[in-house]
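Let's take a friendly walk through a structure, from how parts of a chain meet to how whole chains meet. Have a look at the picture, then read on.

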There are 4 protein chains.
Amino acid sequence: MPSYVLTMQCADGPGIVKATATGIADVEGNILENDQFSDPVTGQFCMRTRFESPIADISNVRQAIDAQTAGFAPTLGIRHEEVQRRAVVMVSSFDHCLADLLYRRAHGDIPIEICAVISNHEHCRSLCEQYGVPYHYVPVTKETKSVAEEKVLEIVKELDIDLVILARYMQILSDDVCQQLSGKIINIHHSFLPGFKGARPYHRAYERGVKLIGATAHFVTRDLDEGPIIEQDVVRVSHARQVQDLVAIGRDIERTVLSRAVRLVAEDRVALVGNRTVIFSQ
Amino acid sequence: MPSYVLTMQCADGPGIVKATATGIADVEGNILENDQFSDPVTGQFCMRTRFESPIADISNVRQAIDAQTAGFAPTLGIRHEEVQRRAVVMVSSFDHCLADLLYRRAHGDIPIEICAVISNHEHCRSLCEQYGVPYHYVPVTKETKSVAEEKVLEIVKELDIDLVILARYMQILSDDVCQQLSGKIINIHHSFLPGFKGARPYHRAYERGVKLIGATAHFVTRDLDEGPIIEQDVVRVSHARQVQDLVAIGRDIERTVLSRAVRLVAEDRVALVGNRTVIFSQ
Amino acid sequence: MPSYVLTMQCADGPGIVKATATGIADVEGNILENDQFSDPVTGQFCMRTRFESPIADISNVRQAIDAQTAGFAPTLGIRHEEVQRRAVVMVSSFDHCLADLLYRRAHGDIPIEICAVISNHEHCRSLCEQYGVPYHYVPVTKETKSVAEEKVLEIVKELDIDLVILARYMQILSDDVCQQLSGKIINIHHSFLPGFKGARPYHRAYERGVKLIGATAHFVTRDLDEGPIIEQDVVRVSHARQVQDLVAIGRDIERTVLSRAVRLVAEDRVALVGNRTVIFSQ
Amino acid sequence: MPSYVLTMQCADGPGIVKATATGIADVEGNILENDQFSDPVTGQFCMRTRFESPIADISNVRQAIDAQTAGFAPTLGIRHEEVQRRAVVMVSSFDHCLADLLYRRAHGDIPIEICAVISNHEHCRSLCEQYGVPYHYVPVTKETKSVAEEKVLEIVKELDIDLVILARYMQILSDDVCQQLSGKIINIHHSFLPGFKGARPYHRAYERGVKLIGATAHFVTRDLDEGPIIEQDVVRVSHARQVQDLVAIGRDIERTVLSRAVRLVAEDRVALVGNRTVIFSQ
């Protein structure tokens with residue numbers, strides 16, 4: 001029986017769950033998983049529901065749910081669960097996050113299709129070839145930056161990409177690109193934000209003498225390292241660790257945090273309420 | 001407006017959420033929080049819903065929900081959110097778990113009423129007096145064990161207790177008492193179960209040379225330390241820590257784990273499916 | 001046999017360990033614990049050694065070690081292990097950190113003597129009385145701030161205090177007081193520094209949507225929340241947690257982090273190299 | 001200047017540090033790192049010291065230290081720091097631990113030489129070829145088990161292997177092999193020992209309803225899953241996770257724990273005192 005993932009967001013009020021559940025019942029659906037959150041500050045309601053239905057035509061299913069919930073004017077998303085997000089990964093010369101995503105993807109841990117890798121270096125080409133993923137070398141200099149960004153947007157468009165993953169891509173994207181990819185581009189920052197925004201976070205973490213270092217996966221917005229946070233984690237480090245040790249230790253936490261964030265996004269477990277994310281974790 | 005906490009458990013099937021949401025809508029209810037789980041192994045469905053309704057009479061609210069959900073023959077619980085569970089804490093001579101529960105209770109962190117403390121020692125009396133909690137000294141010897149247990153059951157009955165908390169109570173309860181209090185008695189065990197069941201877990205953890213020690217809060221059943229697990233946690237310890245250090249370090253993890261478990265139970269966030277718990281955490 | 005705790009700091013170079021171990025051997029000492037660190041950046045060497053010696057007169061022991069190590073011109077500290085640091089705790093109206101310190105002190109977990117509590121509120125008086133600790137109510141207004149600070153310094157001097165612990169003391173101390181107490185005053189800040197320095201960190205953590213909140217124990221310097229970090233930790237929080245929840249959850253992490261830091265300082269396990277701490281943990 | 005790693009173990013007593021430091025000073029050595037532990041239960045003393053010396057001939061260095069420490073009759077090990085342990089990895093069909101070791105080795109995170117991989121399956125051959133590591137396919141059936149083990153011992157001997165790493169090798173080694181490789185063979189077990197010893201730990205963890213799952217790296221002895229523990233860690237899992245989820249989540253914790261353990265052993269940071277390990281971590 002086909003299964004569906006439904007996401008919904010609207011102003012909170014009585015009757016939304018009843019309406020949605022009725023819509024699902026109208027297509028003989030059985031709810032497998034259901035998460036919801038009513039934000040007391042903004043009055044926003046978010047929901048994620050996974051259900052089975054004998055109806056295989058997604059437009060019929062959507063119609064049934066639309067019919068019941070229209071009064072709430074929700075932002076509504078629905079997809080066949082087996083249809084995976086189409087992703088492109090952007091990377092510079094550090095390959096640990098990319099390697100982790102490719103490995104997990106190959107083992108079925110992250111339900112995305114990695115359609116291409118874009119890099120401003122040639123460094124990760126052979127890794128991608130091992131996994132059969134097309135590799136686009138798009139070099140960036142001060143002069144060619146806008147051309148390079150055009151090329152990126154072109155690839156995103158041509159491949160019908162849903163999700164752009166900056167996996168330690170060391171170029172700052174222009175406001176225009178951030179805008180165009182808004183809501184579907186995520187980044188891994190190598191610090192526990194809001195600490196150590198910007199460049200060389202491990203150097204500054206060392207200098208400040210913090211006892212834990214971390215990483216943060218977030219949506220990319222025009223404000224550098226200020227986008228909504230999807231996932232964070234930290235690891236303990238001792239005074240004996242030098243900057244290069246922090247960099248090495250950080251690799252683990254970066255790849256773990258980014259992979260978790262990608263999985264959450266890929267499974268529609270992330271909703272946005274203002275600048276905060278709602279995470280429907282398992 | 002009064003708010004309610006509803007818990008429900010039944011065989012899984014299509015239409016349960018619709019029925020429940022309809023029942024809630026019938027009393028003009030607005031859902032504030034909703035968690036559910038369909039267990040693929042047993043086919044059991046569990047739900048916890050917190051909602052507001054202008055109807056103040058709980059029997060009317062229950063009736064409306066019963067009417068809609070009766071077809072699923074659920075086990076259904078409903079209470080006014082502000083009505084707190086009535087608890088008794090049992091303790092021997094270590095006071096750290098008891099002190100933590102009393103402190104958190106006083107600061108509004110755990111929504112229970114601590115109606116009494118029962119102990120086989122006099123050690124914790126002054127602590128209880130500071131918080132104005134009645135203290136029952138019920139000594140236990142091999143000869144008086146059954147008399148002592150009778151006394152405990154009597155207090156539980158007289159005070160109309162919903163929840164018995166063994167907060168490092170060092171006597172093993174008889175099968176009969178476990179049976180009579182089944183489902184409403186929880187214990188903190190000072191190891192990460194199933195490791196180090198039974199006596200002197202810190203000594204055995206030291207001897208085995210484990211790198212983390214832990215604690216486990218669980219429902220009490222007749223099989224010692226085998227009841228459904230509610231919460232667990234661990235803390236790292238080095239080789240330099242001796243048994244008495246593990247005991248001291250363990251105090252922190254014991255009190256934290258027990259307090260979390262009590263809060264989960266007090267807020268109806270724990271459902272039982274076979275010997276496993278479903279935890280509707282925030 | 002008396003045991004000693006020796007701390008040493010000097011420029012790194014060959015022969016320091018030999019010299020120190022020879023000094024200890026000269027008083028028939030047996031090393032029980034020994035930790036050291038050579039900082040590659042500053043070239044500083046730090047050491048902490050715990051040893052037993054049949055010589056009970058500390059000045060003789062010190063002389064022997066001085067004699068062997070003088071060539072390295074170290075900053076050297078030595079004390080009988082059983083002689084505890086004399087501490088004063090400063091607190092405002094939140095009592096969780098103070099309560100934790102008093103509880104742990106009473107259970108022998110933290111080897112300090114709590115000689116007095118100073119507060120700008122009356123709130124914690126009865127708590128202190130339960131533990132038999134003198135309570136000094138020193139109110140602070142804009143007008144009386146310097147008088148109040150004089151009073152604090154007077155108490156510190158009169159009681160011969162080694163360690164001032166700001167356990168959620170909500171007044172900012174003047175540069176002059178920070179200066180006078182330099183190296184012997186520590187604070188708990190209710191965020192994971194350097195994130196959310198300054199006021200209302202939980203409110204800002206909520207607004208930023210971080211997935212972990214934390215606490216930081218640090219030495220107090222004139223630069224607010226910029227002093228050397230002694231200990232930090234974090235705890236995961238979900239989107240469902242409101243500001244008041246973060247405050248409640250934060251209590252646990254604040255008291256844990258502060259107590260760990262106080263213990264580390266009390267046991268001479270903290271050395272300072274520039275603005276970074278070296279922690280000789282067990 | 002060459003640097004050395006010295007390990008030492010003997011009965012505790014006054015003067016050991018002085019003697020060792022004197023030996024190091026005799027070869028104009030400068031101590032870079034020094035860790036030691038006196039076990040109060042067994043009276044054993046262990047030390048690990050890293051130092052630089054202008055003397056490049058290791059036998060001269062050893063002689064100097066022997067001369068000073070001979071009175072303590074220590075078990076003493078010394079090596080040039082840049083001389084890496086020679087390791088063989090044994091694996092069945094799960095490749096996550098092997099992939100992690102190869103990746104970290106290639107990035108310089110783990111100072112070992114991976115001389116060969118031995119497997120009873122062909123599954124991991126191409127992975128090894130990507131890293132240029134020789135792959136030995138040694139199939140095992142009930143009938144060929146002793147022949148296969150002979151082959152393994154032969155490879156270990158021929159390649160002059162210091163360390164055998166069972167990276168999810170799913171065959172139980174005979175007592176004889178365990179004996180012959182004693183002290184230089186480590187295993188990753190996919191549970192938090194002593195919980196869930198033996199087969200199918202994730203299935204049993206699911207059935208028991210534990211709230212955290214873990215992994216344990218340990219030395220292999222004849223008693224299955226009873227050898228000295230080197231490293232352990234855990235990760236939180238919810239009730240919603242099915243057995244296959246635990247297996248997937250467990251991959252992360254297994255590879256992390258094994259890699260940490262291998263690094264500790266490779267850097268001589270692990271000493272054995274009875275059935276417990278002393279870990280000189282950074």
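Contact means heavy atoms within 4.5 Å. With that in hand, 11 residues of domain 1 of chain A are in contact with 10 residues of domain 2 of chain A. Please keep in mind that this is a predicted model, in which local features need pLDDT of at least 70, side-chain atom pairs count only at pLDDT 80 or more, and totals for chains, interfaces and linings use all residues. Residues are numbered from 1 along each chain as its sequence is written, chains are lettered from A in the order in which they are written, and side-chain values use heavy atoms, with hydrogens and water left out.

**The two domains of chain A**

- Chain A is divided into domain 1 (3-80) and domain 2 (85-279), with bounds that come from an automatic or database domain assignment.
- The centres of these two domains, taken over C-alpha atoms, are 31 Å apart.
- Between them, domain 1 and domain 2 of chain A bury about 750 Å², and carbon and sulfur atoms give 49% of that; buried area is the accessible area (1.4 Å probe) that two parts lose on being put together, summed over both.
- Gln9(A), Arg48(A) and Arg79(A) supply 49% of the area that domain 1 of chain A buries against domain 2 of chain A, more than any other three residues.

**Chain C meets chain A**

- This contact takes 37 residues from chain C and 37 residues from chain A.
- Chain C and chain A bury about 3,100 Å² between them, with 54% of it on carbon and sulfur atoms.
- Arg208(C), His239(C) and Arg276(C) supply 26% of the area that chain C buries against chain A, more than any other three residues.

**A helix pair in chain B**

- Helices are DSSP runs (H or I, at least four residues), numbered from the N terminus.
- The axes of helix H1 (residues 16-26) and helix H2 (residues 58-69) of chain B come within 8 Å and cross at roughly 150°; axes are lines fitted to C-alpha atoms, for helices over the stretch in contact, and angles run from 0 to 180 degrees between N-to-C directions.
- H1(B) and H2(B) are therefore roughly antiparallel to each other, a label for angles over 145 degrees.
- Among the residues that meet are Ala19(B) and Ile24(B) in H1(B), and Ala64(B) and Ile65(B) in H2(B).

Technical notes. Helices (H or I, at least four residues) and strands (E, at least two) are DSSP runs, numbered from the N terminus. Angles under 35 degrees count as roughly parallel, over 145 as roughly antiparallel, 65 to 115 as roughly perpendicular and the rest as oblique.
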